[in-house]
Amino acid sequence: MADVFAYIKHADGVADDSALELFVAAKKIAPDAPVTAVVTGTGADLDKICGEMAGVYNAVWKIDNAALAYPNAEVVRKALVNILPADSIVLLPHDTFGMDLGPGLSIKMDSAFVADIVGFDGMDGATLKVVRQEFSGQVSTHVSCDTATGAVLNIRPGIFQYDDSKAGGDVTDKSGDAGDLSAKRTFVEVVAAEAGDVDITKSEVLVSVGRGIEDEDNLEIAFDLAEAMGADVACSRPIVDAKWLEKSRQVGTSGQTVKPKVYLAMGISGSFQHLGGIKGNPFIVAVNKNAKAPIFQVADVGIEADILEFIPELTEAIENL
Amino acid sequence: MEILVCVKRVPDTSENEIEINSDGNDIERDDLVYSVNEWDNYAVEEAIQIVDKVGGSVTVVTVGDDESEEVLRREMAMGANNGLLLTDDAFEGSDGKGIATILKAAVEKGKYDLIMTGAQADEGAAQVGGMLAAMLDYPYASLVNMIEPAEGKMKVGREIEGGNQEINEIELPCVLSIQTGINEPRYVGIRGIRKVASVEIPELSASDLGLDAGAVGEGAAKVKRVDYFVPDMGDGAEMLEGSTEEIIAKLIDYLKAKGGLK
Ligand SMILES: Cc1cc2nc3c(=O)[nH]c(=O)nc-3n(C[C@H](O)[C@H](O)[C@H](O)COP(=O)(O)OP(=O)(O)OC[C@H]3O[C@@H](n4cnc5c(N)ncnc54)[C@H](O)[C@@H]3O)c2cc1C
Ligand SMILES: Cc1cc2nc3c(=O)[nH]c(=O)nc-3n(C[C@H](O)[C@H](O)[C@H](O)COP(=O)(O)OP(=O)(O)OC[C@H]3O[C@@H](n4cnc5c(N)ncnc54)[C@H](O)[C@@H]3O)c2cc1C
């Protein structure tokens with residue numbers, strides 16, 4: 001079987017959660033195949049991460065170069081293409097970095113690409129069977145992937161939770177093989193998100209509304225419910241895209257990470273990017289008019305209802321307590 | 001600036017419940033309402049705004065069948081100047097790489113400074129833009145939520161985790177995948193659609209594009225969908241049943257127990 005590699009995402013000397021999840025995912029492809037962590041960056045932070053990964057992965061390849069101090073996907077791609085064997089199976093997290101890197105890497109390595117993998121279903125010769133979801137999780141598919149000339153596999157974050165399994169291996173310095181790292185896209189800076197008038201990351205109870213609220217004017221019923229409950233109002237991304245609420249109220253991977261005790265998901269379908277922002281295992285109540293909405297798979301309590309009718313009735317009942 | 005925007009016709013999930021067909025090899029497509037991929041509307045809007053600022057033209061392109069023409073017309077009603085339909089039986093069963101290969105051929109038939117795609121489409125793959133860029137050897141930035149149009153080199157913002165924004169400089173020509181929220185796509189009314197109803201939209205086949213039929217379509221696909229299934233839901237939520245009053249009473253009990261009421 002082809003060699004298996006995992007790209008280790010890290011920042012400020014801290015490995016991303018995906019770093020160890022990819023090890024778990026790789027072992028699902030072939031339990032006995034050795035997995036090599038590829039760590040790019042520079043300086044002491046890089047050495048620290050390499051050391052950590054050597055305690056888990058079968059081997060670590062280190063690429064130290066000032067051009068890799070910030071992970072610019074174009075630069076990382078060049079380094080990987082120069083260093084990895086052509087028929088490698090490469091695992092990346094399906095996040096904003098993996099989306100930036102994976103598709104182009106698969107072209108430059110002439111290998112297959114599968115995005116947002118949530119499960120593995122065995123390897124038959126060079127044909128790997130994986131599980132994906134479509135239509136934000138409403139249906140799942142088995143997808144076959146011909147890995148004969150290699151594959152780039154983007155793995156959904158949070159699915160393959162790290163289980164303390166480890167192999168352990170040595171760090172090999174591959175910096176000398178990185179080659180020409182000049183790029184037509186250059187990193188300038190990261191601009192931090194603006195803070196808003198409420199800090200939903202501190203809220204114990206959240207009334208969170210999604211596209212099911214249908215109209216900006218309907219937001220009032222969510223604020224009324226939140227007031228009756230002593231909760232704050234949060235939302236999914238489409239509500240922010242429509243400029244109905246400020247960005248600081250958005251829950252999800254590209255918004256805030258919240259840790260409430262109770263989370264009311266009102267007219268939210270339950271995409272993985274939304275759920276990725278809910279931590280600390282809160283009690284989740286989902287109200288949705290579609291009984292098959294994926295949110296019901298993760299909620300503790302579900303109610304099949306039209307939120308435009310349900311929310312005002314719930315508010316009234318709470319006010320009358 | 002000459003801008004090409006790639007658009008995809010997808011089932012509109014706000015209008016449809018997605019069901020698997022009886023053979024389990026596709027979703028039930030018969031009664032689906034289709035529309036333009038949500039992300040692509042943002043890309044077209046951004047392209048129109050750039051051209052309003054610095055001049056040039058916007059061309060929208062899709063790989064699809066006869067019915068895909070409607071999404072081109074919709075984007076032309078928004079203000080795109082030209083449409084281009086890439087259609088051929090040989091394109092059927094293409095994987096993401098196949099679609100990117102077809103689009104690359106179309107890019108090479110024109111002269112574009114900027115190519116845009118949506119960040120992702122209905123299958124959540126987020127693949128076509130990055131593949132197209134790598135095939136063309138153009139630089140690429142994904143999840144773009146800010147563009148400062150300029151010649152030669154542009155400043156673009158990428159949305160990264162936590163709502164932070166990564167600023168990059170990128171040389172033209174380039175490919176950008178556009179994230180929702182970058183702008184507010186304009187509304188298209190029936191009248192706008194009527195205005196462009198009779199505009200001729202050129203169709204290009206594999207041979208028009210100089211594509212070897214073996215390089216695209218099912219035969220070339222390394223990635224193949226095997227079947228659709230409904231996953232085992234695990235325990236899932238406890239669904240509260242009964243009259244609305246009963247449901248609300250049960251819910252309030254839960255909220256009290258879990259600290260959801262103050
Ligand atoms: C890189 C990237 C980052 C992203 N980051 C985030 C993020 O941080 N946060 C986030 O939320 N999303 C994020 N998204 C978007 C995400 O993929 C989904 O598109 C989004 O979460 C969907 O929001 P929603 O559930 O409100 O809308 P939809 O998916 O449209 O769901 C609406 C739901 O409401 C139900 N509904 C409709 N009307 C009613 C009614 N009257 N009563 C009851 N139910 C009703 C429908 O059945 C449906 O289930 C990101 C996407 C990308 C590509
Ligand atoms: C009946 C059917 C069978 C299929 N069989 C397979 C299969 O066997 N194997 C497989 O891998 N895939 C298959 N597909 C998926 C199909 O090939 C996808 O359209 C392709 O993978 C690209 O779309 P995406 O959703 O992955 O795009 P993404 O990369 O998620 O979309 C990003 C952007 O790329 C652009 N884009 C995407 N598609 C097009 C397009 N058609 N025209 C113009 N621009 C576009 C748009 O700007 C879009 O916003 C099948 C689809 C259908 C409907």
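Start by selecting ligand 1 and A:D306: a polar side-chain atom of A:D306 sits 2.9 Å from a nitrogen atom of the ligand, a polar contact (a pair of N or O atoms within 3.5 Å). You are looking at a predicted model, where local features need pLDDT of at least 70, side-chain atom pairs count only at pLDDT 80 or more, and totals for chains, interfaces and linings use all residues. Residues are numbered from 1 along each chain as its sequence is written, chains are lettered from A and ligands numbered from 1 in the order written, and side-chain values use heavy atoms, leaving out hydrogens and water.

Now show the whole shell: 28 residues surround ligand 1, each with a heavy atom within 4 Å of it. The closest are A:S236, A:Q250, A:S254, A:S269 and A:Q273. Colour by chain, and you will find that residues from chains A and B surround ligand 1, so the site is shared between chains.

Finally, move to chain B and select helices α1 (residues 38–54) and α2 (residues 69–78); helices here are DSSP runs (H or I) of at least four residues. Their axes come within 10 Å and cross at roughly 35°, using lines fitted to C-alpha atoms over the stretch in contact and angles from 0 to 180 degrees between N-to-C directions. On the α2(B) side, the contact (heavy atoms within 4.5 Å) is made by B:R74, B:E75 and B:M78.

Note on methods: Helices (H or I, at least four residues) and strands (E, at least two) are DSSP runs, numbered from the N terminus. A polar contact is a pair of N or O atoms within 3.5 Å; within protein, one must be able to donate a hydrogen and the other to accept it, and residues adjacent in sequence count only if both atoms are side-chain atoms.
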